Amino acid sequence: MGSSEPAGNTYDKSFIQPSMDKFEVESLSKNLVSNGCVDFRGRTANKLATGGWKASPFIIVNEVAERLAFFAIAVNMVAYLVFEMHQSLPTAATHVSDWIGAAYVLTIFGAFMADAYLGRFKTIILFSCIYAVGMVLLTLSASIDSLRPPICTARPCILATNDQTAFLYGALALIALGTGGIKPCVSSFGADQFDEADEKEAQKKYAFFNWFFFAINMGALFGITLLVYIEEKAGWVWGFGIPTAAMLSSLIVLAVGIPFYRYQKPMGSPFTRFLQVIVASVRNHCRGVEVGSEDDLYEVKTKESNILGASKLPYTAQYKFLDKAAVVTNSEANTNNRWRLCTVTQVEEFKSFIRVLPIWASTIALSLSFSQISTFFTSQARIMDRSLGPNYKIPAGSITVFSPISTLILVPIYEKLIVPILRKHNGHPRGITSLQRMGVGLFVSIFAMGSAALVEKKRRDDSMPLTMSVFWLLPQIFIMGSAEVFTYVGQLEFFYNEATDGTRSISSAMFLSEIGIGSWLTLP
């Protein structure tokens, strides 16, 4: 009896317990992400406790608040500069176009900080705080009389002093800087919440891009309609104060989601790695180095690449000149000096960045078309009949509301109806590829600009152009919004998917910088 009990214990420990331990380990490993993300404690993220749609709503709320604030300012800042700061209309329009352009071009700086030093989440938090400070200063500019010139009672109006102008421009600069930090990181951070190696989560990631774009336009809708109306009826203090409160509240919401997020660690400066590839390849070319075969190229022997947190990339034969950066010319040389010898992964990372540049350049024209909504289309509205019934006149800045409305209508239709039909027809998980989606958007935008040209011709030929209804602009704005549904989300998907682990934010910033360039190229 005494000997049977130990035998039972031995049986339990030698067979059942190791098997259970193995089962628990395998079960746990299946629940861990494979994309290198960690939870807020620094451990490999667990799919059951983090990421996915548990984390995404907090990220989307932050973007809704940022877009609400940005559009509330963008559509009415020309009026504020003209009526409150006493600038001329052309000067004010130029300043607003320059400000919008700077906000989007600054995304490259924000992306650099995220990829190189801070990580996406810390970058979003930091630049959201900067954004909120700018909003507070803008609200103070509207509420404190000494920060604006006196009310104009007779022409010529007293212009704003240098100090008053500097205070306002300082507030707008902080908002632009905040936008530059938030925009390239928030979509990538949202996509980080879905593990691409998991088929179910990969599908949810593409759905996230659509609903993220839906949320952007929800914020734009409220900014263009509700806040523009409040600015006209209740004054600038309320018009700027409400989005300021929304931005501060979104910071709290974003912080609440900390336990649910998946975090990618910063991987160092991609621009430094790009420069190292250029320097090493040029140096070896000047020394007469030739690339023999793939076996001649240097790669670290570890499972992961030498780029912290990034997976190794397979060799491609494109842009073979750059391969010279990875040729080992001296087997006894220091292989850790990346200015002399780069790894295959580092070279391939630079090649991936180069490959998206033609797509980036070709879609600048579309950004130029989109920028017409806040410039040319709004200018058309100002000199047309904006009456809606006998007692209400639509603000000129609100006429662009038809663009986000078309988006809010089409995104659910596309996601729930069109994608399943296309998927069933051609077998593609997203119905059509990202490039095809962008092509559809480019094609549709042609009709939007054609409609705008026809309406403008009709307005100029009309003997009483001021009586022409502003609703003539509805088709061109609605069609442009439809084009954006295809192109914007297609670009989000394309630039994220083509980016490597260490260049996600930079790639998103490249796409967003198009909007800034389009704004700069638009003549107000």
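## Ground rules

A residue is called buried when its relative accessible area is under 20%, and exposed when that figure is over 50%. Keep in mind that this is a predicted model.

Arg148 has a relative accessibility of 14%, so Arg148 counts as buried. Asp145 sits at 58%, so Asp145 counts as exposed.

Counting across the model gives 18 salt bridges. One of them joins Asp195 to Lys47, where the closest N and O atoms are 3.8 Å apart. Asp195 belongs to the loop between α7 (162-191) and α8 (199-234), while Lys47 belongs to the loop between α1 (4-30) and α2, so this pair ties together parts that lie 148 residues apart in sequence. How buried are the two partners? Asp195 is buried at a relative accessible area of 2%, and Lys47 is buried too, at 15%.

The loop between α7 and α8 also holds Asp192, which pairs with Arg120 of helix α6 (residues 120-143), 72 residues away. Arg120 and Asp192 are both buried.

## A network of four

Glu63, Glu66, Arg67 and Lys183 are linked in a network of salt bridges. Glu66 turns up again below, among the α2 residues that meet α9.

## How α2 sits against α9

For helix α2 (residues 56-74) and helix α9 (residues 236-256), the angle is about 165° and the axes are 8 Å apart. Angles over 145 degrees count as roughly antiparallel, so α2 is roughly antiparallel to α9. The crossing of α2 past α9 is left-handed.

What do the two helices bring to the contact? From α2 come Phe58, Ile59, Val61, Asn62, Ala65, Glu66, Leu68, Ala69, Ala72 and Ile73. They meet Phe240, Pro243, Ala246, Met247, Ser250, Val253, Leu254 and Val256 of α9. Sorted by type, the residues of this contact come out as 15 nonpolar, two polar and one charged.

Note on methods
Residues are numbered from 1 along each chain as its sequence is written. This is a predicted model: local features need pLDDT of at least 70, side-chain atom pairs count only at pLDDT 80 or more; totals for chains, interfaces and linings use all residues. Side-chain values use heavy atoms; hydrogens and water are left out. Axes are lines fitted to C-alpha atoms, for helices over the stretch in contact, and angles run from 0 to 180 degrees between N-to-C directions. Helices (H or I, at least four residues) and strands (E, at least two) are DSSP runs, numbered from the N terminus. Angles under 35 degrees count as roughly parallel, over 145 as roughly antiparallel, 65 to 115 as roughly perpendicular and the rest as oblique. A crossing is left-handed if the near helix is turned anticlockwise from the far one by less than a right angle, and right-handed if clockwise. Contact means heavy atoms within 4.5 Å. Ala, Val, Leu, Ile, Met, Phe, Trp, Tyr, Cys and Pro count as nonpolar, Asp, Glu, Lys and Arg as charged, and the others, Gly among them, as polar. A salt bridge is a side-chain nitrogen of Lys or Arg within 4 Å of a carboxyl oxygen of Asp or Glu. Buried means under 20% relative accessible area, exposed over 50%, partly exposed in between (1.4 Å probe, protein chains only).
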